[in-house]
Amino acid sequence: MSIFILLLAMTLWGVVHSFLASHFVKGMISLKAGGADFYRLAYNIFAVVSFAPILYLMRTLPDQAVYQVPSPWNLVMFGGQLFAMLLLLIAFLQTDSLSFVGLRQLFEKEKSGDLVTRGLYRIVRHPLYTFSLLFVWLTPSASQNSLTVYIGATLYILIGAYFEERKLLRDFGEAYASYKRKTPMLIPGLVFGRK
């Protein structure tokens, strides 16, 4: 029953999160509020706060251990997680991080950003997703509940990346299509449909 409850909670969170990320909702709020200068920041805060009940359920629902990686391999995995966190920070800083968080929009009119293809974005198109997934899957122990959340988060990231790619193709056209043909989505060296 815990797995079902967690998957339902993850699905609801994903649907709401995706709906609020849509151009439709942002446009509606922009019309009603006379501008959406605050929207990105509010969206990010809501995304984090609304995920807290899932973490609460993960900790409090009936659970059982699935695996525990023994020493010294658990230390290797912790090291991998630290490395993933470092690369995640670097990838974040290679974007317009103030706009990403939503702070720049509070002081300047929002404008479309540039297509970032430098740094870690030369290796994969979505390094923030890649290193987040690497961090999650290098966790040296998992329970039934945490594994359910990891699987749900992974599915959400994969589905979200697909829709984000469609948006980026609309926003950047051939520049993104060319970047997409030569740069892997999530796994370095793995490109589909190369011509």
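1. Terms and basis. Buried means under 20% relative accessible area, exposed means over 50%, and partly exposed lies in between (1.4 Å probe, protein chains only). This is a predicted model: local features need pLDDT of at least 70, side-chain atom pairs count only at pLDDT 80 or more, and totals for chains, interfaces and linings use all residues. Residues are numbered from 1 along each chain as its sequence is written, and side-chain values use heavy atoms, with hydrogens and water left out.

2. Overall fold. The protein chain has 8 helices and 2 strands. Both are DSSP runs numbered from the N terminus: helices are H or I with at least four residues, strands are E with at least two. In sequence order the pattern reads α-α-α-β-α-α-α-β-α-α. The C-alpha atoms fill a box of roughly 50 × 40 × 30 Å along the principal axes.

3. Of the 195 residues in the protein chain, 34% are buried. Contact means heavy atoms within 4.5 Å. Among contacts with a separation of 6 or more, 76% join residues 24 or more positions apart. The protein chain exposes about 12400 Å², and carbon and sulfur atoms supply 71% of that area. Accessible areas come from the Shrake-Rupley method with a 1.4 Å probe; for residues, only the protein chains shown count as cover.

4. D171 and K167 meet through their side chains in a salt bridge (2.8 Å, N to O). The term requires a side-chain nitrogen of Lys or Arg within 4 Å of a carboxyl oxygen of Asp or Glu. Both residues lie in helix α7, 4 residues apart, about one turn of the helix. An α-helix has 3.6 residues a turn, so residues three or four places apart point the same way. D171 counts as partly exposed because its relative accessibility is 42%. K167 is partly exposed too, with a relative accessible area of 31%.

5. Salt-bridge network. The whole structure holds 5 salt bridges. Salt bridges that share partners join R125, E165 and K180 into one network. E165 pairs with R125, and their closest N and O atoms are 2.9 Å apart. E165 lies in helix α7 and R125 in the loop between α5 and α6, so this pair ties together parts that are 40 residues apart in sequence. E165 is buried, with a relative accessible area of 3%. R125 is buried as well, at 9%. The side chains of E165 and K180 also meet in a salt bridge (3.7 Å, N to O). That pair links distant parts of the chain: E165 in helix α7 and K180 in helix α8 (residues 174-182), 15 residues apart. K180 is partly exposed, at 31% relative accessibility.

6. Aromatic pairs. There are 7 aromatic pairs in the structure. Rings of Phe, Tyr and Trp (its six-membered ring) pair if their centres lie within 6.5 Å; planes under 30 degrees apart count as stacked, over 60 as edge-to-face and the rest as tilted. One of the pairs is W13 with Y156, edge-to-face at 5.3 Å centre to centre and 65° between the planes. W13 lies in helix α1 (residues 2-21) and Y156 in helix α7, so the pair ties together parts 143 residues apart in sequence. W13 is buried, at 14% relative accessible area. Y156 is partly exposed, at 22%. Ring pairs link W13, F51 and Y156 into a cluster.

7. W137 and Y150. The ring centres of W137 and Y150 are 5.8 Å apart with planes at 75°, so the pair is edge-to-face. The pair links distant parts of the chain: W137 in helix α6 and Y150 in helix α7, 13 residues apart. Y150 is buried, at 14% relative accessibility. W137 is partly exposed, at 34%.

8. Helix α6. Helix α6 covers residues 127-137 and contains W137. The buried residues of α6 are P127, L128, T130, F131 and L133. These buried residues pack against α4 (73-93), α5 (97-101) and α7.

9. Nonpolar patch. W137, I151, L155, L158, I159, Y162 and F163 make a nonpolar surface patch of about 690 Å². Patches are made of residues with over 30% relative accessible area and no salt bridge: like charges are joined within 9 Å, and nonpolar side chains (Val, Leu, Ile, Met, Phe, Trp, Tyr) within 5 Å. Helix α7 (residues 144-172) gives the largest share of the nonpolar patch, 6 residues.

10. Charge over a ring. The charged end of R40 sits over the ring of F100, 5.0 Å from its centre. The term requires NZ of Lys or CZ of Arg within 6 Å of the ring centre and within 35 degrees of the ring normal.
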